[in-house]
Amino acid sequence: MTRSNSPSRLAARAISFILLFTSGLACAQVTIADPWVRGTVGGMRATGAFMQITSKTDVKLVAAASPVARTVEVHEMAVVDNVMRMREVKSIAVEAGKPVMLEPGGYHVMLIGLDKPLTPGASVPITLTFEGRDGKRQQVQVKAEVRPLNAPAKDGASAKSGAAGAHHMHSK
Ligand SMILES: [Cu+2]
């Protein structure tokens, strides 16, 4: 049905153009879904942050920072000699259109040197730095919700419960 350019039709087109344009500006290449941080108690000085990262172009997560932690590193958990260990990685590759999970038992953002306990319900600002293939960097700010210490799976410190988070891994 080609009704000629009625005013409302023109308006609709104008609006969709504006939406397209502004979302192109506002919405970065990288989107973060469900960011959360494992809560801490007492003298715990470090914890993990988890999220799902999706990007429209190939990028790498190269750095992270947060005002609640003195040092923030990008880590991965891996089974080495049957023991879950975590280690710092230089970056996490995020291919275009392929979501990457940062989750207990896998990749995570490590918050080290906490000044005070992170209590459930609080919100932790984290700045993530991504680098594209062209070497250009962009920063994405997220507010991660603090969840109880015993949420989903342990961050490796306890081998027993750590195994729950590692069930998807291939061990020898
Ligand atoms: Cu870690």
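Me: In which strand does Gly-113 lie?
Reply: This is a predicted model. In it, the strand that holds Gly-113 is β8. That strand covers residues 108–114. So the strand, by its DSSP number, is β8.

Me: Is Gly-113 buried or exposed?
Reply: Count its C-beta neighbours inside 10 Å: there are 11. A residue with 12 or fewer is exposed. Therefore Gly-113 counts as exposed.

Me: Which residues is Gly-113 in contact with, leaving aside its neighbours within four places in sequence?
Reply: Contact needs C-beta atoms within 7 Å. With the neighbours within four places in sequence set aside, Gly-113 has these contacts: Arg-45, Ala-69, Arg-70 and Thr-71.

Me: How far apart in space are Gly-113 and Val-72, C-alpha to C-alpha?
Reply: Along the sequence, Gly-113 and Val-72 are 41 residues apart. In space, C-alpha to C-alpha, the distance is 8.6 Å.

Me: How many bridges pair β1 with β2?
Reply: Strand β1 spans residues 30–38 and pairs with β2 in the antiparallel sense. Val-30 stands opposite Ser-55 of β2. The number of bridges between β1 and β2 is six.

Me: Which residue in β7 stands opposite Gln-52?
Reply: Strand β7 covers residues 100–102 and runs antiparallel to β2, with three bridges between them. The β7 residue opposite Gln-52 is Met-101.

Me: How many residues of β2 are buried?
Reply: Strand β2 runs over residues 46–55 and is mostly covered. Of its 10 residues, the buried ones number seven.

Note on methods
Residues are numbered from 1 along each chain as its sequence is written. This is a predicted model: local features need pLDDT of at least 70, side-chain atom pairs count only at pLDDT 80 or more; totals for chains, interfaces and linings use all residues. A residue is buried if 20 or more other C-beta atoms lie within 10 Å of its own, exposed if 12 or fewer, and partly exposed in between; C-beta atoms are placed from the backbone. Helices (H or I, at least four residues) and strands (E, at least two) are DSSP runs, numbered from the N terminus. Two strands pair if DSSP finds at least two bridges between them. Two residues are in contact if their C-beta atoms, placed from the backbone, lie within 7 Å.
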